[in-house]
Amino acid sequence: AHLDRIAAVDGAVHAFLHVSAHEALATAADVDARRAAGEDLHALAGVPIAVKDVVVTKGLPTTAGSKILEGWVPPYDATLVERIKAAGLPILGKTNMDEFAMGSSTEHSAYGNTHNPWDLDRIPGGSGGGSAAAVAAFEAPLAIGTDTGGSIRQPGAVTGTVGVKPTYGSVSRYGLIAMASSLDQAGPVTRTVLDSALLHELIGGHDPLDSTSIPEPLPPLVEAARQGATGDLTGVRVGVIRELQGEGYQPGVLARFHESLDLLRAAGAEIVEVSCPHFEYALGAYYLIMPSEASSNLAKFDGMRFGLRVVPEDNPTAERVMAATRGQGFGDEVKRRIILGTYALSAGYYDAYYGSAQKVRTLIQRDFDAAFAQADVLVSPTAPTTAFKLGEKLDDPLAMYLNDVATIPANLAGVPGLSLPNGLDDGLPVGFQVLAPAKADDRLYRVGAALE
Ligand code: GLN
């Protein structure tokens, strides 16, 4: 049914870069046979899933939305893909994204835009617009995204889906094509909070192949979602972040946010206001740390090892092959960030830019520590506006970067965040963000399910 739905609507939505119909049907048949034989299967066995194209999948093309990886077929699976396969979830295909996960609208994909199913003239968010649009358009009931600065949560907000960025280290990064290794985290994109909890428990937990993987087990996420679904939040302290509302936020987004605060109050939660004074520097710090790490991570795309190789006719030395391949293979936004990152890391500027940004990162972590001393969870709108029109911000990188003002602090601090649908403004979805302390992802699910 989902493959039929993809065939019917993906021409208009363009959520998928590759549909793996044959493999998905084979997995579904295998699960049916195992179920018929009385095998005890995972709760999600047989439920199809779409995977963002930045996650490597053995035998399925993986491009990260870039021309430089066109035609590359990975020889191995990411750990999270191994876990998905072992549990018997048919993989429907790979979803569109901004090139190397750099963007907030999926317009930086080298393979064309994805359209927001709510209004095809609008962006589906980014970088994981394909995963969010696939779930919103009923092409897939579940999807995997990755979130370095908001790429799961902001697409979730503007497509009316649930998206979770787990605690840093809670889901293995082995097999994710790295953008900024200290910020990247994979997580679920779904239609309900409980579905996210089920998927998060499946893909999460320790992995010896990721050196930053947290050794202890995940807190009980499904149980927390079930508890939250009773609608009782008595005794839960909810901190409203003073700095993440007001100027720059669309009035309808703020109106929906305050309505949800009333719902939380009605569920028995205690609402307090907290201040995170350094959040105003988060975007600035992110746009130094992320390009610095990306410039280093993307050095491996050299025309020798993966995908595209461009050989100039004249004097094709290794260095000239590398320059020609990178010149043709990377898009403008990727080049912009590589240049910014190499500049910020260069001798003489390192302390002034990268060093200062790292200090700001520590201050943001301390803001979170102080806020979580006063509240069990923190809340804000996920994104300052609803989905904007395709093309509207494409020529203005700074306007594009501002979409992530409310999501980036969590990545800088490594804490988990969830975005869930928060009604509509002028017919377009609004997102509500819940943040919790590191390793307390269960709180996201309790509060999220209570609001749903
Ligand atoms: N939109 C942000 C950026 O462009 C975040 C991207 C992401 O989380 N992958 O960097």
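This is a predicted model: local features need pLDDT of at least 70, side-chain atom pairs count only at pLDDT 80 or more; totals for chains, interfaces and linings use all residues.
Trainee: Which residues around the ligand come nearest?

Mentor: There are 14 residues around the ligand, and of these Ala101, Ser104, Thr148, Gly149 and Ser151 come nearest. Sorted by class, the shell around the ligand holds eight polar residues, four nonpolar ones and two charged ones.

Trainee: Turning to the sheet, in what order do the strands lie?

Mentor: The sheet is open and is formed by 11 strands, which follow the order β1-β3-β2-β4-β6-β5-β10-β11-β9-β7-β8 with mixed pairing. Its edge strands, each pairing on one side only, are β1 (16–19) and β8 (270–274), and from one strand to the next the twist averages 25°.

Trainee: In which sense do β9 and β11 pair, parallel or antiparallel?

Mentor: Strand β9, residues 377–381, pairs with strand β11, residues 428–435, in the antiparallel sense over four bridges; if you look for Val379, you will find that its bridge partner in β11 is Val434.

Trainee: Which residues of the largest nonpolar core touch the most other members?

Mentor: This core has 130 residues, and those that touch the most other members are Ile49, Val55, Leu80, Ile84, Ala134, Ala143 and Val377. Helix α9, residues 282–297, gives the most to this core, with eight residues.

Trainee: What does Leu80 touch, leaving aside residues up to four places away in sequence?

Mentor: With those sequence neighbours not counted, Leu80 touches Val55, Ile144, Val171, Ser172, Ala186 and Ile203.

Definitions and conventions:
Residues are numbered from 1 along each chain as its sequence is written. Two strands pair if DSSP finds at least two bridges between them. Helices (H or I, at least four residues) and strands (E, at least two) are DSSP runs, numbered from the N terminus. Axes are lines fitted to C-alpha atoms, for helices over the stretch in contact, and angles run from 0 to 180 degrees between N-to-C directions. A residue is near a molecule or strand if its C-beta atom, placed from the backbone, lies within 6 Å of it. Ala, Val, Leu, Ile, Met, Phe, Trp, Tyr, Cys and Pro count as nonpolar, Asp, Glu, Lys and Arg as charged, and the others, Gly among them, as polar. A nonpolar core is a set of buried Ala, Val, Leu, Ile, Met, Phe, Trp, Tyr and Cys residues joined through C-beta atoms within 7 Å. A residue is buried if 20 or more other C-beta atoms lie within 10 Å of its own, exposed if 12 or fewer, and partly exposed in between; C-beta atoms are placed from the backbone. Two residues are in contact if their C-beta atoms, placed from the backbone, lie within 7 Å.
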